[in-house]
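Biologist: I'd like to learn how to read a model like this one feature by feature. Could you walk me through it?

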Amino acid sequence: MVDYLYRCPEGHETTHAAAMGDAAPRASCHCGQDARRAFTAPMLGGARRASHGAIERAQASAENPAVVRSAPTVSAPAAPTDPRHAMLPRP
Ligand SMILES: [Zn+2]
């Protein structure tokens with residue numbers, strides 16, 4: 001389902017959910033007038049805050065990547081806590 005935007009001559013905006021490509025060209029507004037379908041840029045401002053920040057960081061790093069001066073430190077993996085791991089064959 002896709003939310004389609006409709007705008008009446010008074011400027012009221014309403015959305016109606018319909019299957020993709022199945023939107024009616026007109027819908028009724030709450031003020032009683034006939035609302036015409038409005039076209040908007042897809043998904044602008046619709047992203048969640050967390051993903052919006054991630055997208056902005058990805059776009060910023062694409063143009064100005066951060067300079068890395070050393071390799072990241074990796075800690076040793078934690079030893080298994082299950083005692084059955086000690087019984088496994090060793091290479
Ligand atoms: Zn209206």
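Modeller: Gladly; let's begin with Ala78, which lies in the segment after α1. Helices (H or I, at least four residues) and strands (E, at least two) are DSSP runs, numbered from the N terminus. This is a predicted model, so local features need pLDDT of at least 70 and side-chain atom pairs count only at pLDDT 80 or more, while totals for chains, interfaces and linings use all residues. Residues are numbered from 1 along each chain as its sequence is written, and side-chain values use heavy atoms, with hydrogens and water left out.

Biologist: Is Ala78 buried or exposed?

Modeller: The general idea is relative accessible area: buried means under 20%, exposed over 50%, and partly exposed in between (1.4 Å probe, protein chains only). Ala78 has 72% relative accessibility, so it counts as exposed. Its C-alpha atom is separated by 62 Å from that of Arg26, 52 residues apart along the chain.

Biologist: What about Leu88, and how far is Leu88 from Gly11 in space?

Modeller: Leu88 is also in the segment after α1, and at a relative accessible area of 48% it is partly exposed. From C-alpha to C-alpha, Leu88 and Gly11 are 71 Å apart in space and 77 residues apart in sequence. Between Leu88 and Ala19, 69 residues apart along the chain, the C-alpha separation is 55 Å. Ala19 itself lies in the loop between β2 and β3.

Biologist: Now the metal. Which residues coordinate the zinc ion?

Modeller: Donors are N, O and S atoms within 2.8 Å of the metal (3.2 Å for Na, K and Ca); water is not among the atoms, so sites may look incomplete. In this model the zinc ion is coordinated by Cys8 (SG), His12 (ND1), Cys29 (SG) and Cys31 (SG), at 2.2 to 2.3 Å. Along the chain, the spacing of these donors is C-x3-H-x16-C-x1-C. Cys8 sits in the loop between β1 (2-7) and β2 (13-18) and Cys31 in the loop between β3 (26-28) and β4 (34-38), so this pair ties together parts 23 residues apart in sequence. Cys8 counts as buried at 5% relative accessibility, whereas Cys31 is partly exposed at 34%.

Biologist: What geometry does the site of the zinc ion have?

Modeller: Four donors count as tetrahedral if all angles lie between 85 and 135 degrees. The ideal angle for four tetrahedral donors is 109.5 degrees. The angles among the four donor atoms of the zinc ion are 99 to 120 degrees, and the site is tetrahedral.

Biologist: Last one: what volume does the largest pocket have?

Modeller: On a 1 Å grid over the protein atoms alone, a pocket is an open set of points where a 1.4 Å probe fits, with protein on both sides within 12 Å along at least five of seven lines; lining residues have an atom within 4 Å of a point. A volume is the space filled by probe spheres set on the points. The largest pocket has a volume of about 330 Å³. Twelve residues line the largest pocket, and the closest to its centre are Val2, Asp3, Tyr4, Thr40 and Pro42. β1 gives the most to this lining, with four residues.

Key. Tetrahedral: all angles 85-135°; square planar, octahedral: opposite > 155°, others 65-115°.
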